Amino acid sequence: MSDSTVWWLLTAAAVALELLNGSFYLLMLGIGLAAAALAAHLGAGMALQLTAAALVGGGAVLFWSQRMRQRPGAGDSADNAGNADLNLDIGQLVQVEHWNADGSASVRHRGAEWTAELDDTAAAANAINAAQPAPGRYRIVAVRGSHLILQAHSH
């Protein structure tokens, strides 16, 4: 089996993995592997093939990463934690039966148990008043990982 065949098989594997998990970066690495396959077709030695794979694949990853950072509104998921257009849980109501001493609560939402906490302004107000939040209905204002961020629901 020639060097170029191995590189083409690696390219196909990278593209297949990208299709399975949706990581665009694997596609960029696949471009680097294809560059190594082309270098092998042109008769380049193994060192030059590896260099082509590293420079083209790594360069494509760096280029794409930089481009994604510069896109408007392309912040990480923490930036979009309260964006109702991206998270359908925002605005939904949950019932809090009791609050824990650490300010968290366990609530059922969409058939699963979630950890909930008050949003920063409500938590600060409770800290100033030294009051435990009251049980009742709360509105989801953000989702941070597996935590629902809540505000009291006014009828």
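Which residues does Gln 92 touch, not counting residues up to four places away in sequence? In this predicted model, Gln 92 touches His 109, Tyr 138, Arg 139 and Ile 140.

Gln 92 is placed in the loop that runs between helix H3 (46–70) and strand S1 (93–96). With a relative accessibility of 38%, Gln 92 counts as partly exposed, because the class lies between the buried limit of 20% and the exposed limit of 50%.

## Overall architecture

The protein has 155 residues, of which 30% count as buried. Its secondary structure comprises four helices and five strands, and these follow the pattern α-α-α-β-β-β-α-β-β when read along the sequence.

Among the contacts with a separation of 6 or more, 55% are between residues 24 or more positions apart. The accessible surface of the protein amounts to about 9700 Å², and carbon and sulfur atoms account for 61% of that surface.

## The pairing of H1 and H2

Helix H1 covers residues 3–21 and helix H2 covers residues 24–41; their axes come within 8 Å and cross at roughly 170°. Angles over 145 degrees count as roughly antiparallel, and H1 and H2 are therefore roughly antiparallel to each other. On the H1 side, the contact is made by Asp 3, Ser 4, Trp 7, Trp 8, Leu 10, Thr 11, Ala 14, Val 15, Leu 17, Glu 18 and Asn 21. On the H2 side, the contributors are Phe 24, Leu 26, Leu 27, Gly 30, Leu 33, Ala 34, Ala 36, Ala 37, Leu 38, Ala 40 and His 41. By class, the residues of this contact divide into 15 nonpolar, five polar and two charged.

Glu 18, located in helix H1, is buried, with a relative accessible area of 11%. Apart from its neighbours within four places in sequence, Glu 18 is in contact with Ser 23, Phe 24, Leu 26 and Leu 27.

Ala 44 belongs to the loop between H2 and H3. Its relative accessible area is 18%, so Ala 44 is buried. When residues up to four places away in sequence are not counted, Ala 44 touches Ala 39 and Gln 49. Ala 44 and Asp 3 are 41 residues apart in sequence, and the C-alpha to C-alpha distance between them is 9.9 Å.

Ser 104 is part of strand S2, which covers residues 104–109. Ser 104 is buried, and its relative accessible area is 12%. The side chain of Ser 104 is joined to that of Asp 102 by a polar contact of 2.6 Å. Not counting residues up to four places away in sequence, Ser 104 also touches Trp 99, Thr 115 and Ala 116.

Arg 110 is found in the loop between S2 and strand S3 (112–118). Is Arg 110 buried or exposed? Arg 110 has a relative accessible area of 59% and is therefore exposed. The backbone of Arg 110 has a phi near 55°, which is a positive value in a residue other than glycine.

Note on methods: Residues numbered from 1 in each chain as written. Predicted model: local features only at pLDDT ≥ 70, side-chain atom pairs only at ≥ 80, totals over all residues. Heavy atoms only, no water. Axes fitted to C-alpha atoms, helices over the stretch in contact; angles between N-to-C directions. Helix = DSSP H or I, 4+ residues; strand = E, 2+ residues; numbered from the N terminus. Parallel < 35°, antiparallel > 145°, perpendicular 65-115°, else oblique. Contact = heavy atoms within 4.5 Å. Nonpolar A, V, L, I, M, F, W, Y, C, P; charged D, E, K, R; others polar. Buried < 20%, exposed > 50% of the residue type's maximum accessible area, 1.4 Å probe, protein only. Polar contact = N/O pair within 3.5 Å; in protein donor to acceptor, adjacent residues only side chain to side chain. Areas by Shrake-Rupley, 256 points an atom, 1.4 Å probe, with all protein chains shown as cover.
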